[in-house]
Amino acid sequence: MIAKLLTTKSVGFLILVVFSFISMTVGVADFSWQKVLTDADTAMLLMISRFPRTLAIILTGATLSVAGMVLQIVLKNKFIEPSMVGATQSAALGVLLVSLLVPEISLFFKMGAASLSALIGMGIFLLLMRHLPKEDRLMVPLMGIIFGSIIEAFSNFIAIETDSMQMLAIWFTGDFSGVLMGRYEWLWLTALFAVLIYILADRLTIAGLGKGLTTSLGVNYERILWFALVCTAFITALVVVTVGQIPFVGLVIPNIVSRLMGDRLRSNLPVVALMGANLLLVCDLLGRTVNAPFEIPISTVFGVLGAGLFLYLLLGREKQNAS
């Protein structure tokens, strides 16, 4: 009964609306819905800070979850997400390099550099993946963690040598406290890529059957694979440049939905998006209220929660294999 409620789109949307209103209410500055129409400062606070922050959280949680599910379907592994294939770390490295080489470059070109860097990182990971035994699926996320750590260490080395650690920390620590009107709008592009993924969901599902079956069914496997990688790279890069890295979102949410609903990509995507947005809103509320008036970065809150859920998924899968 609970599983059916969690996977009902109308219930998920209702929860999203409730958490959104709560998110816009919570904060250091005093806010009251009764004053929105009568007090100019309250209305300005809502439009400039609270409303953009809530929208940014929703877009980030929904699209990162969708990106994670697409990677899991196409690469046929339930234990990977953008931060486990080098995409997130590569995007941060790309932004760091272009910021150091061309400091006056616009945000648009920074996002382009981050997307290209994320795509290159995922391409290298796919080449490494070919040398792993196919029967041992847990080796893929473990190698991805090591691969991402190497890229992150290289980024830290460059940042230390160029005295840019504070700038790098912005992209490696997901935080919505700096989101204001005019500083989050690029995240709407992630919604566009999520819509494209939904439109081609059936072809992406076929690609998850493997190259041989995909080709025999008349679908160009290489083209669909690169479509999935490009969409994932752009979503990851846009999130990293705008709010920073938020780990485990694309890992935890798709696995929860798959346990409850199976692996039907088209029917799962709306539920994945809603659950990702809701869970990220909850983590943001926890980060703002646990140690108020100070704020815990959302990447820290979700990192702790995501790590616990990831271990549960790993141990659960091991028990299933043992039985």
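Ala, Val, Leu, Ile, Met, Phe, Trp, Tyr, Cys and Pro are counted here as nonpolar, Asp, Glu, Lys and Arg as charged, and the others, Gly among them, as polar. The structure is a predicted model, in which local features need pLDDT of at least 70 and side-chain atom pairs count only at pLDDT 80 or more, while totals for chains, interfaces and linings use all residues. Residues are numbered from 1 along each chain as its sequence is written, and side-chain values use heavy atoms, with hydrogens and water left out.

A cavity is a set of points where a 1.4 Å probe fits but cannot get out. A pocket is an open set with protein on both sides within 12 Å along at least five of seven lines. Lining residues have an atom within 4 Å of a point. Points are joined across faces, edges and corners, and a volume is the space filled by probe spheres set on the points.

The search of the whole structure finds one cavity of 30 Å³ or more. The volume of the largest cavity is about 80 Å³. Its lining consists of L64, E81, P82, S83, T88, T236, V239, V240, G244, Q245, I246 and G250. Five of these residues are nonpolar, six polar and one charged. Helix α11 supplies the largest share of this lining, with three residues. Helices (H or I, at least four residues) are DSSP runs, numbered from the N terminus.

The second largest pocket holds about 380 Å³ of space. It is lined by 15 residues, and I170, R183, V241, T242 and V243 are the closest to its centre. Two or more lining residues come from each of α5 (107–129), α7 (165–172) and α11 (221–243). The lining has eight nonpolar, four polar and three charged residues.

Helix α8 (188–199) and helix α5 each give at least two residues to the patch. The most come from α8, with five. F109 is found in α5. This residue is exposed, at 51% relative accessible area (buried means under 20%, exposed over 50%, partly exposed in between; 1.4 Å probe, protein chains only).

Side chains of opposite charge can pair when their charged atoms come close. A salt bridge is taken as a side-chain nitrogen of Lys or Arg within 4 Å of a carboxyl oxygen of Asp or Glu. Five are counted by this rule. R53 pairs with E295, with the closest N and O atoms 2.5 Å apart. R53 lies in helix α3 (residues 40–74), and E295 in the loop between α13 (265–289) and α14 (298–322), 242 residues apart. R53 is buried, at 8%, whereas E295 is partly exposed, at 32%. R53, D284, R288 and E295 are linked in a network of salt bridges.

D202 and R266 form another salt bridge (3.2 Å, N to O). D202 is in helix α9 (residues 201–207) and R266 in α13, so the pair ties together parts 64 residues apart in sequence. Both are partly exposed, D202 at 46% and R266 at 28%.
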